Amino acid sequence: MEAFSSKILLIIFAFSFITHSIQANEGPYQQSNTLFIRNSCSSTTYPRLCYTSLVKHADFIQTNQVLLTGTALNVTLASAKSTSAMMSSLAKSQGLKPKEAAAMKDCVEVLSDSVDELRRSIDEISHLSTSNFELTMSDVQTWVSAALTDQSTCTDGFQELNANGEIKTIVRGRIVQVAQLTSNALALINKLATSHP
Ligand SMILES: *[C@@H]1O[C@H](CO)[C@@H](O)[C@H](O)[C@H]1NC(C)=O
């Protein structure tokens, strides 16, 4: 028994050592890239979600605020698209009460609007330049705010339902995540808008 637990301790020790050396091996650039993401995310409403959703793209973002904001929009779009796809297949599933099916259909519709608004924002922000900076940022702020409003219509509609517990929980969880990603993207957009090109 003694030998067994010391073996486990040794394994735990070895793992923490390996993890530690991996972290220690991070170059100075990677460190400043992840630090940049952490600092930028600290001004969002959901900083932890912001950080975990963006840190995988740290090498691409480096310390560029425009790339950071564009990536946040990309990540949000991907999540909105997959949630929308999940909801449209759920909306067709058997055993939904008419009210549930209707709420689901409404959500698919508003999610598709927010996918359009996010796409438009990504397209416009990819052409950001000094000469169109203010106009672009103002458009993007408008569209992403509209996307956020659309998503809350869906969350509210679902909340009012006395729906089947499990589906309601899954759907709500997914939409809440899309809405939190959108809110974070909007915070980064607002921050970029106040910086000068
Ligand atoms: C967003 O996604 C598009 C398509 O995958 C890609 O071409 C573009 O580089 C991405 N932009 C940013 C800022 O991540």
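Q: How much of the chain is buried?
A: In this predicted model, buried residues account for 38% of the 197 residues in the chain.

Q: And how many helices and strands are there?
A: The chain has 8 helices and 0 strands, and reading along the sequence gives the pattern α-α-α-α-α-α-α-α.

Q: Which residues touch the most other members in the largest nonpolar core?
A: That core holds 31 residues, and those touching the most other members are Ile37, Leu54, Leu68, Leu73, Leu118 and Val144.

Q: Which helices supply at least two residues each?
A: Helix H2 (28-41), helix H3 (47-54), helix H4 (58-61), helix H5 (65-91), H6, helix H7 (133-160) and helix H8 (165-194) each supply at least two residues of the core, and the largest share, 7 residues, comes from H8. As general background, nonpolar side chains in soluble globular proteins tend to be buried together.

Q: Switching to the surface, where is there a patch of negative charge?
A: A patch of negative charge on the surface is formed where Asp106, Glu109, Asp113 and Asp116 gather. One of these residues, Asp113, is found in helix H6, which covers residues 98-125.

Q: Why does Asp113 count as partly exposed?
A: Asp113 counts as partly exposed because its relative accessibility is 36%, and the partly exposed class lies between under 20% for buried and over 50% for exposed.

Q: What about Thr142, where is its place?
A: Thr142 has its place in helix H7, and with a relative accessible area of 49% Thr142 is partly exposed.

Q: How far apart are Thr142 and Glu117?
A: Along the sequence, Thr142 and Glu117 are 25 residues apart, while in space they are 9.1 Å apart, going from C-alpha to C-alpha.

Q: One more thing, what is phi of Gln62 near?
A: Phi of Gln62 is near 50 degrees, which is a positive value in a residue other than glycine. For context, most residues other than glycine have a negative phi.

Q: Where does Gln62 sit, and what is its relative accessibility?
A: Gln62 lies in the loop between H4 and H5, and Gln62 counts as partly exposed at 46% relative accessibility.

Methods
Residues are numbered from 1 along each chain as its sequence is written. This is a predicted model: local features need pLDDT of at least 70, side-chain atom pairs count only at pLDDT 80 or more; totals for chains, interfaces and linings use all residues. Side-chain values use heavy atoms; hydrogens and water are left out. Patches are made of residues with over 30% relative accessible area and no salt bridge: like charges are joined within 9 Å, nonpolar side chains (Val, Leu, Ile, Met, Phe, Trp, Tyr) within 5 Å. Accessible areas come from the Shrake-Rupley method with a 1.4 Å probe; for residues, only the protein chains shown count as cover. A salt bridge is a side-chain nitrogen of Lys or Arg within 4 Å of a carboxyl oxygen of Asp or Glu. Lys and Arg count as positive and Asp and Glu as negative; His and the chain ends are not counted. The place of a charge is taken as NZ of Lys, CZ of Arg, CG of Asp or CD of Glu. Helices (H or I, at least four residues) and strands (E, at least two) are DSSP runs, numbered from the N terminus. Buried means under 20% relative accessible area, exposed over 50%, partly exposed in between (1.4 Å probe, protein chains only). A nonpolar core is a set of buried Ala, Val, Leu, Ile, Met, Phe, Trp, Tyr and Cys residues joined through side-chain atoms within 4.5 Å.
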